[in-house]
Amino acid sequence: MIIKVLGSGCANCVRLEANVKEALAASGIVDATVEKVTDYADIAAYGIMSTPGLVVDERVLVSGRVPDAAEVAQLIASAR
Amino acid sequence: MTIVERLPETKSGIGVVSAAAVGAWAGAYALNERMWDWLLYDRIGLNPDARSVSALHFFLYDTTKIALLLTGIIFVVGVLRTFITIERTRALLGGKREGVGNVMAAGLGVATPFCSCSAVPAFIGFVGAGVPIGVTLSFLIASPLVNEIAVGLLWTTFGWNIALMYIGAGLTIAIVAGWVLGRMGVERWVEPFVLKQNLLAAANAGAGVESRMSPQLRVRIGLQEVREILGKVWPYLLVGVALGGIIHGWVPSNFFAAHAGPHNPFGVLVAVVLGVPLYSNAAGALPLVQALADKGVPMGTLLAFMMSVVALSLPEMILLKRVLKVPLLGAYTAVVSVGIIAVGYLFNAILT
């Protein structure tokens, strides 16, 4: 599974990345890679306009807010 | 376990919790002054006539009051904002011409949730979807300029007419500034990669829009918003209330009226020049504005100060530099500053 965090590197994107890592650890998922997408052209290609964005296996799940670790875990579970 | 995680899962549960929270909030707001009276005067036995004691009382009372107001306003605004997304805004603005488009964009800029780190993706997304650059700029200017939290604070402190004046002035500046910039043929000052973006963005448009949210999720987002914004603004709030208290208690009552009153032609200019680098937020500016209003500084000057504090920020300019070339950034800053100054003088002329 490839998880991408979209965002320029502002506080919200950093928090989302931390929440993703926490969610992965809590759910015991080891076969996932977390990537950061910081280039604006690449972010725009996902069709979202508000960061941070959470993309799991190329599907945009959240944009414009920071879900907490528990919600991220739920989202990842339902995307699998 | 945080409050957010303890929220009940059912609709009726959310209703009960919300009603209890509204009651607790209203009770705390109503009892705020009496609570500090009781604690400082009756319980600790301080002398209410001593200047330092009354300053301490003011500080505690005002900090509590503004913190409560902020909590309520941010929560309500946060929940309401879950009903509108920036992607939906873009769909509404697509195909709109300049003029009508500028007016709509300014209005939507106020309503749409939007953090300044999203300024660049929003700009790319709008322009890529064919929204004219001037219309996009109206959106980007209105969003910070007419700050809902500032509106709420002005309304509760000075009444609805001042709040409406602030909204009207902000919208006018955003509409006119966006239109003027659009007329200047600003395409040449936009980084070329933005204009190449349309095909990609159009193919993916609408991806990631959370169309249906549960009431629990909306409440949770509102609470997260409160925690996050209060966590960020509390130092500004404390400094603002402290400065407000000092002005309130120690500055002679005719000092500001004499130096920054309606008869000083430079009053508004000075307010804006002071306000821009002070970039903080409405929470810190309001106690200052309130204290200055008591000392006879005219409302136009104060609204101009409030707007310059919230509207033009260096961090946002640095972000926007990724998509806008320096001449356009300069024009953007200049047009918005001129607008704020003009509004200040206009209101001073009308209100005095």
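**Note on salt bridges and a domain interface in a predicted model**

1. Glu98(B) is partly exposed, at a relative accessible area of 28%, whereas Arg183(B), at 52% relative accessibility, counts as exposed.

2. Salt bridges with shared partners also join Arg65(A), Asp68(A), Glu71(A) and Arg220(B) into one network. Over all chains, the count comes to 10 salt bridges.

3. In chain A, Glu58(A) forms a salt bridge with Lys4(A), with 2.7 Å between the closest N and O atoms. Glu58(A) lies in the loop between strand E3 (53–56) and strand E4 (59–63) of chain A, and Lys4(A) in strand E1 (residues 2–6) of chain A, so this pair ties together parts that are 54 residues apart in sequence. Glu58(A) is partly exposed at 47% relative accessibility, while Lys4(A) is buried, with a relative accessible area of 14%.

4. The salt bridge between the side chains of Asp62(B) and Lys65(B) has an N to O distance of 4.0 Å, and the cut-off for a salt bridge is itself 4 Å. Both residues lie in helix H3 (residues 51–81) of chain B, three residues apart, which is about one turn of the helix, and both Asp62(B) and Lys65(B) are buried.

5. Turning to the domains, the assignment for chain B gives domain 1 (23–83 + 214–248), domain 2 (97–198) and domain 3 (249–351). The C-alpha centres of domain 2 and domain 3 of chain B lie 19 Å apart, and 33 residues of domain 2 are in contact with 31 residues of domain 3.

6. About 2,900 Å² is buried between domain 2 and domain 3 of chain B, with carbon and sulfur atoms giving 85% of that area. Between these two domains of chain B there are zero salt bridges and two residue pairs in polar contact, both at pLDDT 80 or more. On the side of domain 2 of chain B that touches domain 3, the elements giving two or more residues include helix H6 (119–128), helix H7 (133–145) and helix H9 (160–183) of chain B; H9(B) gives the most, with eight residues. The residues of this side divide into 27 nonpolar, four polar and two charged.

Note on methods: Residues numbered from 1 in each chain as written. Chains lettered and ligands numbered in written order. Predicted model: local features only at pLDDT ≥ 70, side-chain atom pairs only at ≥ 80, totals over all residues. Heavy atoms only, no water. Domains from an automatic or database assignment. Contact = heavy atoms within 4.5 Å. Buried area = accessible area lost by both parts, 1.4 Å probe. Polar contact = N/O pair within 3.5 Å; in protein donor to acceptor, adjacent residues only side chain to side chain. Helix = DSSP H or I, 4+ residues; strand = E, 2+ residues; numbered from the N terminus. Nonpolar A, V, L, I, M, F, W, Y, C, P; charged D, E, K, R; others polar. Buried < 20%, exposed > 50% of the residue type's maximum accessible area, 1.4 Å probe, protein only.
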